[in-house]
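Me: I would like to go through a two-chain model by question and answer, with the cut-offs behind each term stated as we go. Could you take me through it?

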Amino acid sequence: MVKSKKRKAGDLIIAAVCFLFILICLLPLVHILARSLSSAQAMINNRVSFWPVEFTWESYYYVLKDKAFVRSLGWTAILTLICTAVSLVMTILCSYPLIYDSLKGRKFLNGMMLLTMYFSAGTIPNYLLMKQLHLIDNPLVLILPNCLSIFNMIILRSFLYGIPDSLRESAQLDGGGPFAILIRIYLPLSKPVLATLALFYAVGRWNGFSDALMYVPNPKYAPIQLKLYQVINNLSAIEVAQQEGFSAPSASEGLKAASVMFATVPILLVYPYLQRYFISGVTLGAVKE
Amino acid sequence: MKQKSVTRKTILYFKKTWTLYLMMALPVAFAVIFRYLPMTNIAMAFKEYNMFKGVWDSPWSTPIFKWFITAFSTRDFWLALRNTLTLNLLDLFFGFPLPIMLALLLNELAFRRYKRFTQAVVYLPHFLSWIIISGIAMQLLAPRTGIVNVGLSHLGFQTVNFLTENGLYIGTYIALGLWKEMGWNTIIYLAAITGINPELYEAAEVDGASRLRKIWHVTLPGIRSTIIVLLVMNLGRILGSEFDRPYAMYNSLVMNVADVLSTYVYRVGVRGFQFSLTAAVGLFQSLVCVVFLLTANAIAKKFGERGIM
């Protein structure tokens, strides 16, 4: 009796500590959200904590009036969709043949792919390659050079390995070729993993920054992270806002908060739907050949 | 006769498998063009690279290791190297134990739905970019208007320049890394914990073991090999450097402690056009990283684990 009481107390303490971690993770985001929805005056007086003060959509309104920012949002969304689709196809194409133990040259192909995880040419040789391929300032440079992640390939390959060979063999007896087997048997079974990988690829592209910084000087193709970097570092003030006399330092703080929210909200929106899948995906990644 | 049947076998083999090879064609082309082709450009680390001549027609430098020698006698390079090591070691020191503790904590959490919710929340920061996080941090930690400093001054403390003073910058850099990854890094430990035989817990229960004793004598030994492998692999990455994280956070006031190899290569190479010098720095870093990783992998295997290869 005494013991179970002690146990209950322990459970509550643990729950409380976990709550602390929840607060640590969420409060910074809540604060930025509150700032983005507060009036400039409230921010000047440092009155905003975790709830909007003098609620207003003004900051969002001004960010949305900046055509370059909105264009960048739209462009990044399109780019993310394209990259995710291309990368998923590439990942499937790479991992599926590698599960055929009888495939000649499999070891070589496998090793060739894995090696790129451990040794990369480096920033400067890569940069020069993009120049040689005339990809600088070409939107394709944001899609092609990272359209296959070997880490994600390993995750999918481990999963496909787990599907019993007998399924494949019976389909082969029915006269199905490898491609038909992939489409009819393997892909339908891999939906959860593919969802995880789609999340990884999509987030990777949406959050991608350094490739744009290095390879895409043309502001026309600047993805949202590059744009956001410029906004929060005052490299490009939101133009329209300035024209309308909205350039007091505290006001630009609101604009920064709203800009951060624009880059964050898409992730927050897809996250709850996909988060139940990715745990199994990450654990699979730890099982490497 | 025998020859013929071998040929026929080969033909039959390719008839059955050509689609597989066709599928591999695109990934192989990708790897060759975007991963192996740039390796030929590494030659520029040993050349007097001239933009108009290209890598191959540029003359070899004399002595051949000229750019490595130049780099090693540059103060900024040594600073970047030192900072890379310092920041990574601090990351490891603080960032390694915390996820283990958090995983143990989550594992002990009795309320199922609350546990899932907690997990979902602590994994979330992993999905935010360093640009977003530095944007949040700059607003939170601003000297006069940031909520942290406003709070500090309300409590009667002096305000703190978190991002513009050397020591504080390092602390903030490490803390933000913890914020982003501590939850995510629990996943692998939680998975290892589920692999522990439940009978061990039952036996401990029968022996009257308390919660802490069970953690100490069952859970921790159960994930010991996972801990060792991850520790060794993290040590293998000790000279690797992220780019987005330092680049998004640093500023001219803290350059001495904030500049790491990746940002150094970017500033001096891509922006400063010293291609050969920074290619040499990059090659040095890549090579050391590979050696460390291979060593780490070998050690991890010694511990009876699969390692990562």
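Reply: What follows is a set of questions and answers on this structure. This is a predicted model, in which local features need pLDDT of at least 70 and side-chain atom pairs count only at pLDDT 80 or more, while totals for chains, interfaces and linings use all residues. Residues are numbered from 1 along each chain as its sequence is written, and chains are lettered from A and ligands numbered from 1 in the order in which they are written.

Me: How many helices are there in chain A?
Reply: Helices (H or I, at least four residues) and strands (E, at least two) are DSSP runs, numbered from the N terminus. Chain A has zero strands, and its number of helices is 14.

Me: Which element of chain B gives the largest share of the side that touches chain A?
Reply: Two residues are in contact if their C-beta atoms, placed from the backbone, lie within 7 Å, and the contact takes 70 residues from chain A and 68 residues from chain B. On the side of chain B there are 50 nonpolar, 14 polar and four charged residues, where Ala, Val, Leu, Ile, Met, Phe, Trp, Tyr, Cys and Pro count as nonpolar, Asp, Glu, Lys and Arg as charged, and the others, Gly among them, as polar. The largest share of that side, 15 residues, comes from helix α1 (residues 2-40) of chain B.

Me: Is Pro27(B) buried or exposed?
Reply: A residue is buried if 20 or more other C-beta atoms lie within 10 Å of its own, exposed if 12 or fewer, and partly exposed in between, with C-beta atoms placed from the backbone. Pro27(B) lies in helix α1 of chain B, and, leaving aside neighbours within four places in sequence, Pro27(B) is in contact with Met90(A), Leu93(A), Cys94(A), Met113(A) and Leu148(A). Because 25 other C-beta atoms lie within 10 Å of Pro27(B), this residue is buried.

Me: Where do the buried residues of α9(A) lie around the axis?
Reply: The buried residues of helix α9 of chain A are Pro178(A), Ile181(A), Leu182(A) and Tyr186(A). They cover an arc (that of the directions from the helix axis to the C-beta atoms) of only 100 degrees, so they lie on the same side of α9(A).

Me: Which exposed residues does the face of α9(A) turned away from its buried side carry?
Reply: An α-helix has 3.6 residues a turn, so residues three or four places apart point the same way. On α9(A), the face turned away from the buried side carries the exposed residues Ile183(A), Arg184(A) and Pro188(A).

Me: Is His134(A) buried or exposed?
Reply: His134(A) is found in the loop between α6 (123-132) and α7 (150-162) of chain A, and has a positive phi of about 55 degrees although it is not a glycine. Since 10 other C-beta atoms lie within 10 Å of His134(A), this residue is exposed.

Me: Which residues does a cis peptide bond join in chain B?
Reply: Most residues other than glycine have a negative phi, and most peptide bonds are trans. Pro63(B) has its place in the loop between α2 (54-57) and α3 (66-72) of chain B. With omega about -10 degrees, the cis peptide bond joins Thr62(B) and Pro63(B).
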